[in-house]
Amino acid sequence: MNPSARLDIHLQQLADNARTVTDWCHQSGIEIAGVVKAACGDARIARAFTQGGIDMLADSRLENIDRLRRAGLQQPMLLLRSPSPSQASQVVEQCDLSLNSELASLRALSATAEQLGKRHAVILMVELGDRREGILPGRLPDMVARIQDLPGLDLVGIGTNLGCIGGVRTTEYNLGQLVQCAERVEQQLQRSLRYISGGNSGALPLLLQQRIPERINHLRIGFTILQGKNPFTDQPLPGLNTGLFTLNAELIEIQTKASMPEGDIVVDAFGHVPQFEDRGDRIRGIVGFGRLDTDLATLLPRDPGVEVLGASSDHLVLDLTESRPWRVGDSLSFDLGYGASVQGILSPYVRKTFIHDAQADRGHRHRAAPRSVE
């Protein structure tokens with residue numbers, strides 16, 4: 001088989017990013033969980049994270065963690081997505097610790113750990129505004145007391161998640177709230193917590209500005225290692241490589257056509273009513289991948305004269321009018337944001353090529369140094 005699209009993944013530059021971000025965190029006494037869920041269980045990408053010195057690996061899917069374990073990765077493993085009770089056995093067997101917010105799941109984890117003669121470490125998640133997982137701060141005393149009664153568990157920390165559903169920015173204020181919650185839990189337990197887990201890549205701008213609360217000692221980082229960017233602004237961060245993922249595909253059609261569809265416009269296969277601007281006749285091209293393979297919102301043609309018009313499941317339609325002359329069979333390249341790279345890795349119709357050369361032509365390393373981010 002010869003897939004119509006190829007995804008180039010720059011492993012050495014990925015490892016370099018992991019090393020830089022890990023160094024930032026370690027200088028501030030913060031452990032880092034390298035979030036590899038975007039790798040869909042690919043051990044080569046996970047190993048690039050470990051080469052960068054991360055403290056543990058983190059994934060949201062047990063299937064991916066199982067693949068990494070079977071590939072021989074021995075690093076501590078954190079389950080990011082709160083487990084269901086039915087997953088308790090897999091979690092205890094495959095994961096060193098997990099994020100949790102529901103008593104039913106915690107009870108199942110405890111019972112399974114006892115049966116296996118183990119103890120399972122848990123981080124209790126607190127809701128601080130983003131409205132994804134986590135209990136409300138007012139419920140902490142009762143939940144902590146209930147966890148203390150579960151003999152198979154060790155409550156090793158509390159954490160929060162921000163920026164994923166509600167788009168809530170990570171700030172000194174909400175991380176300060178997390179620290180206050182942690183200190184109340186510590187008073188209740190009469191001991192210190194191992195982890196106060198202050199979220200994801202959204203906390204790095206605070207870290208670089210030296211504004212992150214002192215007691216935050218754990219972060220879960222994937223986006224910035226993979227993209228080399230500030231997640232709030234999508235701008236490169238100093239010292240990091242960008243352009244680690246490049247999608248290449250051949251043009252399979254080039255035709256001059258009217259810019260407006262002809263006929264009655266109805267809902268397309270993805271439930272949308274397409275909108276078009278009348279720009280007269282245009283040179284339109286098609287490459288052999290589509291919505292099954294990528295995310296249009298984070299797909300950027302490397303040639304600035306190429307414009308993405310839309311896509312069906314298997315066809316990406318482009319406007320080539322303002323670009324250089326192209327021929328059928330020529331390969332077009334696209335830079336990928338987080339969503340597009342995840343779908344590209346996940347798609348069985350995209351061939352993956354792993355590049356180890358640190359000087360590969362696409363990676364851009366931005367001059368390091370100032371510990372400050374705008």
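Start by selecting Arg-279. This residue is partly exposed, with a relative accessible area of 33%. Keep in mind that you are looking at a predicted model.

**Stop 1: the partner of Arg-279**

Together with Arg-279 and Glu-307, they are linked in a network of salt bridges.

**Stop 2: other salt bridges**

How many salt bridges does the structure hold? The count is 20. Two further pairs are on this tour.

Select Glu-253 and Lys-257. Their side chains meet in a salt bridge, 2.9 Å from N to O. Glu-253 is partly exposed, at 24% relative accessibility. Lys-257 also counts as partly exposed, with a relative accessible area of 36%.

Next, go to Asp-8 and Arg-6. The salt bridge between their side chains spans 2.8 Å, N to O. Is Asp-8 buried or exposed? Asp-8 counts as buried, because its relative accessibility is 10% and the cut-off for buried is under 20%. Arg-6 is partly exposed, with a relative accessible area of 27%.

**Stop 3: Ile-221**

Pick Glu-322 again, then Ile-221. Their C-alpha atoms are 39 Å apart in space, and the residues are 101 apart in sequence. Ile-221 belongs to strand 9, residues 218-221. Ile-221 is buried, and its relative accessible area is 0%.

What does Ile-221 touch, not counting residues up to four places away in sequence? Select these in turn:

- Val-21, Ile-32, Ala-33, Gly-34 and Val-35 are among its contacts.
- Phe-49 is another of them.
- Asn-200, Ser-201 and Leu-204 touch Ile-221 as well.

**Stop 4: helix 5 and helix 6**

Colour helix 5 (residues 103-115) and helix 6 (residues 140-148). They pack at an angle of about 15 degrees, and their axes are 11 Å apart. That angle makes helix 5 roughly parallel to helix 6. The crossing of the two helices is right-handed.

Which residues meet here? From helix 5, select Leu-103, Leu-106 and Arg-107. From helix 6, select Met-143, Arg-146 and Ile-147. The residues of this contact divide into four nonpolar, no polar and two charged.

**Stop 5: Leu-153**

Leu-153 lies in strand 7, residues 153-159. Leu-153 is buried, with a relative accessible area of 5%.

To finish, draw a distance from Leu-153 to Ser-197, C-alpha to C-alpha. The separation is 18 Å, for residues 44 apart along the chain.

How values were computed. Residues numbered from 1 in each chain as written. Predicted model: local features only at pLDDT ≥ 70, side-chain atom pairs only at ≥ 80, totals over all residues. Heavy atoms only, no water. Axes fitted to C-alpha atoms, helices over the stretch in contact; angles between N-to-C directions. Helix = DSSP H or I, 4+ residues; strand = E, 2+ residues; numbered from the N terminus. Parallel < 35°, antiparallel > 145°, perpendicular 65-115°, else oblique. Left-handed = near helix turned anticlockwise from the far one by under 90°. Contact = heavy atoms within 4.5 Å. Nonpolar A, V, L, I, M, F, W, Y, C, P; charged D, E, K, R; others polar. Salt bridge = Lys/Arg side-chain N within 4 Å of Asp/Glu carboxyl O. Buried < 20%, exposed > 50% of the residue type's maximum accessible area, 1.4 Å probe, protein only.
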